[in-house]
Amino acid sequence: MIYRSHILICNGTGCVSSKSPAIMEKLQEQLVANGIDKEVKVVKTGCFGLCEKGPIMVIYPEGATYCHVKPEDVEEIVSEHLIKGRIVKRLLLGETDQADVARSLDTVPFYAKQRRVALRNCGVINPENIDEYIAHDGYAALGKALTEMTPQSVIDEILKSGLRGRGGAGFPTGRKWQFAAKEAGDQKYVCCNADEGDPGAFMDRSVLEGDPHSVIEAMTIAGYAIGSNQGFIYIRAEYPIAVQRLNIAIKQAREYGLLGKNIFSTDFSFDIDIRLGAGAFVCGEETALMTSIEGHRGEPRTRPPFPAVKGLFEKPTILNNVETYANIPVILLKGADWFSSIGTEKSKGTKVFAVGGKINNTGLVEIPMGTTLREIVYDIGGGIPDGKKFKAAQTGGPSGGCIPASLIDTPIDYDNLISIGSMMGSGGLIVMDEDNCMVDIAKFFLEFTVDESCGKCPPCRIGTKRMYEILERITQGKGEEGDIEKLENLAENIKQGALCGLGQTAPNPVLSTIRYFRDEYEAHIKEKRCPAGVCKALLNYRIIADKCKGCSLCAKKCPVNAISGEIKKPFVIDTKKCIKCGACMTNCKFAAIEKK
Amino acid sequence: MKSLEELKAIREKALKEVSIRDNENKTRVLVGMATCGIAAGARPVMNAFVDELAKRNIQNVTVSMTGCIGICRLEPIAEVFEANGEKTTYVKLDAEKARRIVAEHLVNQKPVTEFTIGAVGN
């Protein structure tokens, strides 16, 4: 059935939570009411990346991109755009509103510097329709691998492409496959790590929600390459939409015979099952993940033996991240040379980042390796809200570190990030401005790892807790001389002594903030002062006498009666009674209250 | 899935359905769909364009709607924009004429002069 117009509506988690399903329902209803439901097709699709502007709707053939669409807007869109052909300008994505014609999405600054490889189909196809995936060359790479290539030539192609694991550590994917392929064994496994746990990271979820077939196709290719007939996708239960779409996709692939026995009439058979995780951060670590699939409590074990030798159920296993898999079909179709032409010398291809924090365009971006942080923050991200100053960006979540403003022009790739004390991680990128306290940030991430430590090894279980206690003391104004050195000492020991990646990297946020913002730590410890004005215990609220009109509003709002004074004369805050709730400051109409 | 040919067949069929979302280097047919156009019968004209293009498996042409261009007495109006920016304006259309435009102009690159604004308008 050919339609004259397609309406694509983002159904990623972000847009779903801002009511895109209600919009779709209303739209369908309006199309029927206006008798154009046979002319216009409504398509649900994956994440466009512009989550901050969601729900996003794109209407083809015009390519008009509407943002912040509400169910109430649907009637106008149908009657104006679909019936009269007039673009609803007030809803257009600001940057595309050029003259009378809505420009295509690709030309706006947010997309212009991006290169979408892993996200190639997100926001383009309907993830619940295998035909649309096939229309965009889906399963052609699998067909090519099975009918024209040997398992070894598949591995060689991946090796040559220079693809490195997108889950964080950056191990060359081809080598992982090579190790597993060389192992003898009647049973091998292909696993997919979809246990995305870094706070603020959501690229794996978006790939699975927007393009689940790419992961299924890639895992099947991996199965062929290493000689496995069974795959497992380990995904957290907190990703219900991704789980649902994966289930639909696996079912469709089975119906088409793209999973199952004798795929493409060859001897090769492969199937995939889903295993749900309960959301423990440590289960993103490969050995813990496999222990969890086996049905045990998710705890890591020592390596070696590496999974390629003894992995899931003690059989040779490869485990790759969602985004890594999403790159595989393109590499086989376009060739290793094409892929390795993107990126830097040692980091090939692109990387998806979930950009959040103090940035205008919160969302998902995919950039060629080697793009600078400045380009991500200012060109793609649209800069920092309210004209504030960029202070640092945190990459790699609780395992990573921060990049200070002085290094904003560093080209981002695996090795550069390591050398400046951070890491790629799975790709969370949190932007911080002058209002963020770096000690507080370090404390936040450490609190996360303290909570998520599985408790198996003491350096991680006890060490991170002790570090956290020191940080808590510092932020409460009880820091002592020598605390910084104590933190550094503990950190080094935990890094060396912890059993798995979680503990080994847990001190990184502290070490990197000490490295670049030692002065802030010192201000907290020596001067009992929080330069960014975040740490409550170190702040005092004060009324600026010149600005105070003596209206008494603050005194009325104060929950502990700490403010007193005479009407029409400056009021005063009793700092001993003050609980620093900030109610006075938010209510003052004359900006006469400051915190310092 | 038995063979690459089978995959290719699915691909080609699916591609027809999604090609509308790729608007690079395409010829655009804009049908005037303001009140004047609709009242004069623009909807069957537009449907005829869509239907005829689909029947002939033409994928590099999109059909969309536009508002009133100001010569309401000549509605239904459709404009054909070539990828190189050239424009042909057809007026007083009906479904039959739309099908001829597809066959002669969009397939054979020969504008149907007798339906153009230059021929009909005066």
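1. From the N terminus on, chain B runs α-β-α-α-β-β-β-α-α, which comes to five helices and four strands. Helices (H or I, at least four residues) and strands (E, at least two) are DSSP runs, numbered from the N terminus. The model is predicted: local features need pLDDT of at least 70, side-chain atom pairs count only at pLDDT 80 or more, and totals for chains, interfaces and linings use all residues. Residues are numbered from 1 along each chain as its sequence is written, while chains are lettered from A and ligands numbered from 1 in the order in which they are written.

2. The C-alpha trace of chain B spans about 60 × 25 × 25 Å along its principal axes. Of the 122 residues in chain B, 35% are buried. A residue is buried if 20 or more other C-beta atoms lie within 10 Å of its own, exposed if 12 or fewer, and partly exposed in between, with C-beta atoms placed from the backbone. Among contacts in chain B between residues at least 6 apart in sequence, 68% join residues at least 24 apart. Two residues are in contact if their C-beta atoms, placed from the backbone, lie within 7 Å.

3. Helix 3 of chain B (residues 42–55) has 14 residues and should span 20 Å at 1.5 Å a residue; its end C-alpha atoms are 20 Å apart, which agrees. The expected span is 1.5 Å times one less than the number of residues. Buried residues of this helix include B:Val45, B:Phe49 and B:Leu53, and B:Glu52 is also one of them. What covers the buried residues includes strand 1 (27–32), helix 2 (35–40), strand 2 (61–66), strand 3 (78–81) and helix 4 (95–107) of chain B. Just after helix 3 of chain B, B:Asn57 takes a positive phi of about 60°.

4. The contact between the chains takes 27 residues from chain B and 29 residues from chain A. On the chain B side, helix 1 (4–18), helix 3 and strand 2 each supply at least two residues. Helix 1 of chain B gives the most, with nine residues. The chain B side divides into 15 nonpolar, seven polar and five charged residues. Ala, Val, Leu, Ile, Met, Phe, Trp, Tyr, Cys and Pro count as nonpolar, Asp, Glu, Lys and Arg as charged, and the others, Gly among them, as polar.

5. In chain A, the axes of helix 10 (residues 212–226) and helix 13 (residues 322–334) come within 8 Å and cross at roughly 75°. The two helices are therefore roughly perpendicular to each other (65 to 115 degrees). The residues of this contact divide into 10 nonpolar, one polar and one charged.

6. Seven of the eight residues of strand 11 of chain A (residues 350–357) are buried, so this strand is largely enclosed by the rest of the structure. Strand 11 pairs with strand 12 (residues 363–368) of chain A in the antiparallel sense over six bridges, and the two form a hairpin with five residues between them. Pairing requires that DSSP finds at least two bridges between two strands. Four bridges join strand 11 of chain A to strand 15 (residues 428–433) of chain A, and these two run parallel.

7. A:Ile380 lies in helix 15 (residues 373–380) of chain A and counts as buried, with 23 C-beta neighbours inside 10 Å. The C-alpha atoms of A:Ile380 and A:Gln114 are separated by 7.8 Å, although these residues are 266 residues apart along the chain.

Notes
Axes fitted to C-alpha atoms, helices over the stretch in contact; angles between N-to-C directions. Parallel < 35°, antiparallel > 145°, perpendicular 65-115°, else oblique.
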